[in-house]
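Reader: Please take me through the terms applied to this model, and set each value against its definition.

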Amino acid sequence: MYPLRRNRRLRTNESIRSLVRETVISPNDFIVPLFIVEGKNVKEEIASMPGYYRYSLDLIEKEVRELWNLGLKSVLLFVKVPENLKDNAGKEAINPEGLMQRAIKTVKNAVPEMLVMTDVALDPYSQYGHDGIIDGGKVLNDDTTAVLSEMALSHAKAGADFVAPSDMMDGRIFEIRSLLEDEGFHDTGILSYSAKYASAFYGPFRDALDSAPVDAENIPKNKKTYQMDPANREEAIRETLMDIEEGADIVMVKPGLCYLDIVRDIKNAVNVPVAVYQVSGEYAMIKAAAEKGWLDHDAVMLEQLTAIKRAGADIIASYFAKEAVKLIS
Ligand code: PBG
């Protein structure tokens, strides 16, 4: 006898498929990363991220208004720091008049309701391209977290709603939370990159900000002493639970697609919102394959974003946010 249960009944047409669909992506899900540069009227395409740009502050206002009108309500800011302002101490990172601090004010001024999140890490400010201060070939942990907490405070003072530490030093969430509390910034949130892997998928991002580790003697060639080993799963839970104890409001897994098992593990283990960063290399791969005509760009984009959400992401930071939202609305 034919089976009593025929699963294809629920796939017969789009009406029934949409009725039983378990995962739906919406503009509410996204954080939009933005790259900012000094200058006027600058909109530079990033070579390894086709269709993605660095903007000067005057043009970012228009961009942010456009995002808001599409229903995108949060941005994550990154700045490209001029070479002459880089050092091994992160001095420019805490400059109240620095590009990041001005960018926060510019975005808040353009669209006050837009949630402004800021990357907190030293790499764009480091002459060595590392997320921390270097001494004797090592990335110093506690000296770095001291600067990172000052950096987070300066972003909060400039008006950031959330700071997003992406450095993977130990104890940085505690240091940042403590300083924010001491200084009265009780409502400034922390989105922690809690399970951030030492991934080769960050290449295009480092092109965008010119922030790759430099090739010099006694400078670590990669970020493996602070970012996580891609082979590890349980460690991701340990890192994430510690960040929550230290005061993280939102935790994040990064990159996305290769780490969806981690996303599900963490979603099941915690009771705070879980974000996923679909990183620059993931964006670049889809763009490159689509350019060659080898993949259907829009279909693959939506499939990956849906997969990230299905795996357990409550929030997705993605360079595809704008394109995806235009397509689904
Ligand atoms: C800085 C930072 C990086 C990314 C986000 N914040 C680069 C890195 O850690 O080397 C990568 C984002 C992307 O690839 O899209 N610490």
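This is a predicted model: local features need pLDDT of at least 70, side-chain atom pairs count only at pLDDT 80 or more; totals for chains, interfaces and linings use all residues.

Reader: Why is T145 called buried?

Author: Buried means under 20% relative accessible area, exposed means over 50%, and partly exposed lies in between (1.4 Å probe, protein chains only). T145 has a relative accessible area of 4%, so T145 is buried. The residue sits in helix α4 (residues 141-158), where helices (H or I, at least four residues) and strands (E, at least two) are DSSP runs numbered from the N terminus.

Reader: What does T145 touch, and how is touching defined?

Author: Contact means heavy atoms within 4.5 Å. Not counting residues up to four places away in sequence, T145 touches M169, D170, G171, R172 and E175.

Reader: What makes the approach of T145 to D142 a polar contact?

Author: A polar contact is a pair of N or O atoms within 3.5 Å; within protein, one must be able to donate a hydrogen and the other to accept it, and residues adjacent in sequence count only if both atoms are side-chain atoms. A polar atom of the T145 side chain lies 3.0 Å from the backbone oxygen of D142.

Reader: How do you know whether L241 is buried or partly exposed?

Author: L241 has a relative accessible area of 37%, and therefore counts as partly exposed. L241 lies in helix α7 and is in contact with A269 and V270, leaving aside neighbours within four places in sequence.

Reader: Why is E239 called buried?

Author: The relative accessible area of E239 is 15%, so E239 is buried. E239 also belongs to helix α7 (residues 234-246), and touches M168, S194 and M228 when residues up to four places away in sequence are not counted.

Reader: What makes I308 count as buried?

Author: I308 has 0% relative accessibility and therefore counts as buried. I308 is found in helix α10; leaving aside neighbours within four places in sequence, its contacts are L260, V276, Q278, A313 and I316.

Reader: Which residues come nearest to the ligand?

Author: K196, R206, K223, K254 and Y319 come nearest of the 19 residues around the ligand, a residue being near a molecule or strand if one of its heavy atoms lies within 4 Å of it.

Reader: How do you know that the span of α9 is close to the expected one?

Author: The expected span of a helix is 1.5 Å times one less than its number of residues. Helix α9 (residues 280-291) has twelve residues and reaches 16 Å from first to last C-alpha, close to the 16 Å expected. Its buried residues include Y283, I286 and A289, and what covers the buried residues includes β3 (49-56) and α10 (297-311).

Terms used. Residues are numbered from 1 along each chain as its sequence is written. Side-chain values use heavy atoms; hydrogens and water are left out.
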